[in-house]
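Q: I would like to learn how to read the features of a protein model. Where should I start?

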Amino acid sequence: AVVSTQSTGAFYEAGIACRSIGWNNMAFVFLNRFLDICDAIEDGNTDMLDHSDFADTDIPYDIMLPEDHSIQEDEREEAKEWVLAVSMDQQVQQVLNTDERGCYEASLMNIHTSVTSPQCILTGYPVLRGEVVFRNSSRVAN
(Lines give C-alpha, C1' and ligand atoms only; values in the text may rest on other atoms or scores of the structure.)
Protein backbone atom coordinates (compact mmCIF):
# COMPACT_ATOMS: atom_id res chain seq x y z
CA ALA A 1 0.00 0.00 0.00
CA VAL A 2 1.20 3.48 -0.81
CA VAL A 3 1.01 5.99 2.03
CA SER A 4 -0.22 9.51 1.44
CA THR A 5 2.07 12.50 1.10
CA GLN A 6 1.33 13.37 4.72
CA SER A 7 3.99 10.85 5.75
CA THR A 8 6.69 13.49 5.29
CA GLY A 9 5.07 15.74 7.87
CA ALA A 10 4.28 12.77 10.10
CA PHE A 11 7.94 11.79 10.41
CA TYR A 12 8.86 15.43 11.06
CA GLU A 13 6.16 15.89 13.73
CA ALA A 14 7.04 12.57 15.38
CA GLY A 15 10.72 13.54 15.49
CA ILE A 16 10.03 16.98 16.92
CA ALA A 17 7.63 15.55 19.53
CA CYS A 18 10.16 12.90 20.59
CA ARG A 19 12.93 15.48 20.78
CA SER A 20 10.79 17.76 22.95
CA ILE A 21 10.40 15.07 25.60
CA GLY A 22 13.99 13.86 25.46
CA TRP A 23 13.45 10.68 23.46
CA ASN A 24 16.50 11.48 21.38
CA ASN A 25 17.01 7.98 19.95
CA MET A 26 13.54 7.97 18.44
CA ALA A 27 13.76 11.65 17.47
CA PHE A 28 16.93 10.84 15.56
CA VAL A 29 15.31 7.95 13.70
CA PHE A 30 12.18 9.92 12.74
CA LEU A 31 13.98 13.13 11.77
CA ASN A 32 16.59 11.20 9.82
CA ARG A 33 13.76 9.46 7.92
CA PHE A 34 12.13 12.85 7.34
CA LEU A 35 15.38 14.21 5.87
CA ASP A 36 15.78 11.12 3.69
CA ILE A 37 12.28 11.71 2.33
CA CYS A 38 13.15 15.38 1.72
CA ASP A 39 16.17 14.22 -0.31
CA ALA A 40 13.93 11.82 -2.23
CA ILE A 41 11.56 14.72 -3.04
CA GLU A 42 14.52 16.65 -4.44
CA ASP A 43 15.65 13.61 -6.47
CA GLY A 44 12.13 12.77 -7.59
CA ASN A 45 12.26 9.10 -6.53
CA THR A 46 12.41 6.85 -3.49
CA ASP A 47 15.05 4.41 -4.78
CA MET A 48 17.67 5.54 -2.26
CA LEU A 49 15.43 5.34 0.84
CA ASP A 50 16.84 2.99 3.46
CA HIS A 51 14.07 1.11 5.24
CA SER A 52 16.25 -0.75 7.75
CA ASP A 53 15.24 1.41 10.75
CA PHE A 54 11.62 0.37 10.18
CA ALA A 55 12.15 -3.25 9.13
CA ASP A 56 10.65 -4.67 12.33
CA THR A 57 7.72 -2.27 12.54
CA ASP A 58 4.33 -1.89 10.91
CA ILE A 59 5.32 1.55 9.57
CA PRO A 60 4.79 1.39 5.80
CA TYR A 61 7.76 1.66 3.45
CA ASP A 62 5.90 2.73 0.33
CA ILE A 63 5.22 6.44 0.14
CA MET A 64 3.98 8.75 -2.57
CA LEU A 65 6.38 11.62 -2.95
CA PRO A 66 4.77 15.04 -3.02
CA GLU A 67 5.94 17.53 -5.62
CA ASP A 68 6.82 20.07 -2.92
CA HIS A 69 7.92 19.98 0.69
CA SER A 70 5.20 20.27 3.32
CA ILE A 71 7.66 21.55 5.94
CA GLN A 72 9.22 24.99 5.56
CA GLU A 73 12.90 25.24 4.58
CA ASP A 74 14.00 26.78 7.89
CA GLU A 75 12.39 23.90 9.80
CA ARG A 76 14.04 21.37 7.47
CA GLU A 77 17.41 23.05 8.03
CA GLU A 78 16.93 23.04 11.79
CA ALA A 79 16.09 19.32 11.69
CA LYS A 80 19.15 18.66 9.52
CA GLU A 81 21.46 20.55 11.87
CA TRP A 82 20.06 18.68 14.88
CA VAL A 83 20.44 15.28 13.19
CA LEU A 84 24.02 16.07 12.19
CA ALA A 85 24.90 17.28 15.69
CA VAL A 86 23.28 14.29 17.37
CA SER A 87 24.93 11.84 15.00
CA MET A 88 28.24 12.88 16.55
CA ASP A 89 26.92 12.16 20.05
CA GLN A 90 27.78 8.62 21.05
CA GLN A 91 24.98 8.68 23.63
CA VAL A 92 22.30 8.55 20.91
CA GLN A 93 21.54 5.33 19.10
CA GLN A 94 19.60 4.97 15.89
CA VAL A 95 16.93 2.71 17.39
CA LEU A 96 13.24 2.84 18.15
CA ASN A 97 11.93 2.04 21.63
CA THR A 98 10.70 -1.52 22.07
CA ASP A 99 8.16 -3.04 24.43
CA GLU A 100 7.78 -6.37 26.22
CA ARG A 101 6.99 -8.07 22.89
CA GLY A 102 10.40 -7.05 21.56
CA CYS A 103 8.65 -4.87 18.96
CA TYR A 104 8.65 -1.16 18.27
CA GLU A 105 6.44 0.09 21.08
CA ALA A 106 3.85 1.72 18.78
CA SER A 107 3.48 -1.23 16.39
CA LEU A 108 0.04 -2.72 16.53
CA MET A 109 1.29 -5.91 14.89
CA ASN A 110 3.67 -8.17 16.76
CA ILE A 111 6.42 -8.84 14.24
CA HIS A 112 7.24 -12.19 15.86
CA THR A 113 3.73 -13.66 15.94
CA SER A 114 1.78 -11.50 13.42
CA VAL A 115 -0.87 -10.94 16.12
CA THR A 116 -2.43 -7.49 15.90
CA SER A 117 -3.30 -5.76 19.17
CA PRO A 118 -6.20 -3.35 19.49
CA GLN A 119 -5.27 0.34 19.24
CA CYS A 120 -5.71 2.63 22.25
CA ILE A 121 -8.11 5.43 21.32
CA LEU A 122 -6.08 7.89 23.39
CA THR A 123 -2.46 7.17 22.47
CA GLY A 124 -2.65 5.12 19.28
CA TYR A 125 -0.33 2.61 20.92
CA PRO A 126 -1.24 -1.09 21.15
CA VAL A 127 -3.28 -2.18 24.14
CA LEU A 128 -1.34 -5.15 25.45
CA ARG A 129 -2.99 -5.66 28.84
CA GLY A 130 -5.31 -3.98 31.31
CA GLU A 131 -7.64 -2.80 28.61
CA VAL A 132 -10.72 -0.73 29.31
CA VAL A 133 -13.51 -1.48 26.85
CA PHE A 134 -15.96 1.34 26.22
CA ARG A 135 -19.64 0.46 26.32
CA ASN A 136 -21.55 0.29 23.07
CA SER A 137 -18.36 0.23 21.02
CA SER A 138 -15.36 -1.93 20.36
CA ARG A 139 -12.93 0.83 21.28
CA VAL A 140 -10.36 0.24 24.00
CA ALA A 141 -7.83 2.13 26.08
CA ASN A 142 -5.16 1.13 28.56
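A: Start with the order of the elements: along the sequence, the protein runs α-α-α-β-β. Helices (H or I, at least four residues) and strands (E, at least two) are DSSP runs, numbered from the N terminus. This is a predicted model, in which local features need pLDDT of at least 70 and side-chain atom pairs count only at pLDDT 80 or more, while totals for chains, interfaces and linings use all residues. Residues are numbered from 1 along each chain as its sequence is written, and side-chain values use heavy atoms, with hydrogens and water left out.

Q: How many helices and strands does the protein have?
A: The protein has three helices and two strands. Its C-alpha atoms fill a box of roughly 45 × 35 × 25 Å along the principal axes.

Q: What share of the residues counts as buried?
A: Buried means under 20% relative accessible area, exposed over 50%, and partly exposed in between (1.4 Å probe, protein chains only). Of the 142 residues here, 35% are buried.

Q: Is Leu96 buried or exposed?
A: Leu96 counts as buried because its relative accessibility is 12%. Leu96 sits in the loop between H3 and E1. A contact means heavy atoms within 4.5 Å. Leaving aside residues up to four places away in sequence, Leu96 touches Met26, Val29, Phe30, Asp53, Phe54, Thr57 and Tyr104. Leu96 and Asn24 are 72 residues apart in sequence, with 9.8 Å between their C-alpha atoms.

Q: Which residues form the negative surface patch?
A: A patch is made of residues with over 30% relative accessible area and no salt bridge; like charges are joined within 9 Å, and nonpolar side chains (Val, Leu, Ile, Met, Phe, Trp, Tyr) within 5 Å. A salt bridge is a side-chain nitrogen of Lys or Arg within 4 Å of a carboxyl oxygen of Asp or Glu. Asp and Glu count as negative, Lys and Arg as positive; His and the chain ends are not counted. The place of a charge is NZ of Lys, CZ of Arg, CG of Asp or CD of Glu. Here the negative patch is formed by Glu13, Asp39, Glu42, Asp43, Glu73, Asp74, Glu75, Glu77 and Glu81. H3 gives the most, with five residues. Asp43 lies in helix H2 and is exposed, because its relative accessible area is 54%.

Q: Which residues make the nonpolar patch?
A: Ile121, Leu122, Val132 and Phe134 make a nonpolar patch of about 390 Å², with areas from the Shrake-Rupley method (1.4 Å probe; for residues, only the protein chains shown count as cover). Leu122 is exposed, because its relative accessible area is 68%.
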